[in-house]
Amino acid sequence: MKKQILQPGRFRTTEIGIHVDVPKDTDGYIQRLCPECEELFKIKPSSLTRDPMKNIYCPYCFHESALDSYTTLGQRAYMQRTLRKIIRCNKSTSSLGSATCINPHLKGPIYDAEHTYQRVDTQIHCSTCGSDYIVYGISGICPLCGKYNGLDYLYPSLNLIESRISTLDIEEVIDYYLPDEKAHILKTALVDCVISFGAYYKYLMDFCYKQKFISGDMKNISTENLDKLRERIDKDSNISIFTNEEWIKAGSLFQKRNILVHKGGIVDEGYMKLGRDPKAELNHAIPITKAEIKFLIIFIKKLSEYLYQEYYLNHISINE
Ligand SMILES: [Zn+2]
Ligand SMILES: [Zn+2]
């Protein structure tokens, strides 16, 4: 909403306090730019009504500072233009005289960076504070309450993958080069599952490491090979979240993703060794089945919830 409000009572001799609302998009969000990592995200101003003076957080790098410090260049330009109009208007209609002191932070090149921003966005509802916000790519924490929110991001991604494959009328694909939309959906479903979990793990561990909940070696475990993560979980906990067969099956699907991305789906020496897949034949294509993707989605959800509880929530409750 492009509205300008003059706040009476904040006038001093040489300074004017003027409130200018920055434009919202059609869904009521406003764009924010992190002053630290310079990435963009969106928040709903209605989410701020409880305490507008509270700091907000960058959902990518966890930088924390005042709401105003996340103003985008385009918003600054808009505010400058709006303020100039108000000053001109005041000069001609009031006896304020030379009203020259504008907020000194309103400087910067005049262009609307956010209007040319073309990345895919993800709308997230924070299960902790109830705020709505939008991120571009993978995020770590809620910008409004600062709580880690990886599951809020991961679950919609996995549910979307599941809904894409559930409508397919094929059960498996072998030749990945077929110009077939169905084969493509099944193939990308496996890749997307593994990528989504990798991003979730990275942000959860980065956040927990910064909070000193975990050590550096836990943070640096690569999710390309599930064996290392399994070893670590077995060491830290005396309960088994999965059977041996489930770990092996999931581990072989993670390896299958590697040959799909790097070897065109053809079994190589690495897969023969790490995949532990009795159906694998060296230099042959290996099928992906719909049932495997469904298993992997359930596995990743359970593993992610366990990591969230064990390495994040348990430490939060100890500290609080
Ligand atoms: Zn940032
Ligand atoms: Zn929140």
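Modeller: We shall discuss a sheet, a helix and a helix pair. This is a predicted model, in which local features need pLDDT of at least 70, side-chain atom pairs count only at pLDDT 80 or more, and totals for chains, interfaces and linings use all residues. Residues are numbered from 1 along each chain as its sequence is written, while chains are lettered from A and ligands numbered from 1 in the order in which they are written.

Biologist: In what order do the 4 strands of the open sheet lie?

Modeller: Strands of a sheet pair through backbone hydrogen bonds, either parallel or antiparallel. Here the order is β3-β4-β8-β7, with antiparallel pairing. Strands (E, at least two residues) and helices (H or I, at least four) are DSSP runs, numbered from the N terminus; two strands pair if DSSP finds at least two bridges between them. Because β3 (30–33) and β7 (121–125) each have a single partner strand, they stand at the edges, and one side of each lacks a neighbour in the sheet.

Biologist: How many bridges join β3 to β4?

Modeller: There are 4, linking β3 to residues 40–43.

Biologist: Which residues of α5 meet α6?

Modeller: Contact requires C-beta atoms, placed from the backbone, within 7 Å. Leu226, Asp227 and Arg230 of α5 meet Trp247, Ala250, Gly251 and Phe254 of α6.

Notes
Two residues are in contact if their C-beta atoms, placed from the backbone, lie within 7 Å.
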